Amino acid sequence: MNARHASLVMIIAACLWGTHPVLIKLADWTPWGTAWVRGIFCAAVLLIYAHVTGGLSRKSLLVQCFCGLFLAINSGLFVGASTYTSPANAVVPLLLDFALLGKKPLLGDMGRLLLGLAGIVAIVSSGLHGDGGLGNVFALLAGVAIAAHIFLCQRLNARHMGNREVLTAMLIGWLLTAVVLAPTGFALPLPSGNALVFLGLFGVLSAIPWLLWGKAIAYIPGHVVAALLSVEACVAAVMGWWILGEAPGPVAAIGGGLTLLAATLQVRAGAREGS
């Protein structure tokens, strides 16, 4: 996999992640129970994937455990953020934290990153931010946790181990999420009807992008990830408008265009570097 392919894979993951805040709201269940379901689905899919592709690696177990711990913390906080604030707001702090990761960005990379972040700010500033102060705090803390997770991911020897070290770290994180939150999940009745369907759909769509993430993250630095994942806020905003009625204004539409432009430019830059 080269930088261009990794960028395209990351954009697909971002689009899938963009559906999560809306699905969390539609599931209408306790955030910690929802995070528990997410942990179960993700751990199960990662175990199946590891079995099919040749197993796991514990070569850097201490780093992998911390990497998984930060992923588990992010999982619970992100679900809480998506429950108590708007879809777009739940994404913003995560992307800001990505800018602090990886190697020192080139001028062009930083320009594309700032373009994507400008688009996100435009989306949020046009009325999608909601009044969920608690959700915004959760989102900020989730951003710190995922920043630590990716910081450690990129220090594992993922590229030369066939991504097995990153896969193991992610599996540790999702198993930890499922085990720690199990008492909450078992103590509460599951939602019924459409809410249960949305909860199951959220679980399935949670696992797929993390598989894509694990394959692509070894090939692109954190600031490039931020530019690409700006698409996530755009998708979250569109989903919030379409399904929840959080209608964006003209400024938000311009912001969506900027995020898509930033991602497109980053993919083209990756293609030039890989040629």
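Predicted model: local features only at pLDDT ≥ 70, side-chain atom pairs only at ≥ 80, totals over all residues.

Me: Where is Ala-178 placed, and is Ala-178 buried or exposed?

Reply: Ala-178 belongs to helix H8, where helices (H or I, at least four residues) and strands (E, at least two) are DSSP runs numbered from the N terminus. At 14% relative accessibility Ala-178 counts as buried, given that buried means under 20% relative accessible area, exposed over 50% and partly exposed in between (1.4 Å probe, protein chains only). The C-alpha atoms of Ala-178 and Gly-39 are separated by 4.7 Å, although these residues are 139 apart along the chain.

Me: How do I describe the packing of H3 and H8?

Reply: Two packed helices are described by the angle between their axes and the distance between the axes. Here H3 and H8 pack at an angle of about 145 degrees with their axes 8 Å apart; the axes are lines fitted to C-alpha atoms, for helices over the stretch in contact, and angles run from 0 to 180 degrees between N-to-C directions. Among the residues that meet are Trp-36, Gly-39, Ile-40 and Leu-46 in H3, and Met-170, Trp-174 and Ala-178 in H8.

Me: Which residues have the most contacts inside the largest nonpolar core?

Reply: In soluble globular proteins, nonpolar side chains tend to be buried together. A nonpolar core is a set of buried Ala, Val, Leu, Ile, Met, Phe, Trp, Tyr and Cys residues joined through side-chain atoms within 4.5 Å; the largest one here has 38 residues, and Met-10, Leu-46, Met-170, Trp-174, Trp-210 and Trp-213 have the most contacts inside it. The largest share of this core, 7 residues, comes from H1. Apart from this core lies another, of 13 residues, among them Ile-24, Leu-181, Leu-199 and Phe-202. Thr-34, in helix H3, is buried with a relative accessible area of 0%, and its contacts beyond four places in sequence are Ile-24, Trp-29, Val-79, Leu-199 and Phe-202.

Me: How many aromatic pairs are there, and what is the geometry of the pair formed by Trp-17 and Trp-210?

Reply: A pair of aromatic rings is described by the distance of the centres and the angle of the planes. Rings of Phe, Tyr and Trp (its six-membered ring) pair if their centres lie within 6.5 Å, with planes under 30 degrees apart counted as stacked, over 60 as edge-to-face and the rest as tilted; the count comes to 5 aromatic pairs. Trp-17 and Trp-210 form an edge-to-face pair, 5.0 Å centre to centre with 70 degrees between the planes. Trp-17 lies in helix H1 and Trp-210 in helix H10, so the pair ties together parts that are 193 residues apart in sequence. Ring pairs also link Trp-17, Trp-174, Trp-210 and Trp-213 into a cluster.

Me: What is the content of helices and strands in the protein chain?

Reply: The protein chain has 12 helices and 0 strands, and 54% of its 275 residues count as buried.

Notes. Residues numbered from 1 in each chain as written. Heavy atoms only, no water. Contact = heavy atoms within 4.5 Å.
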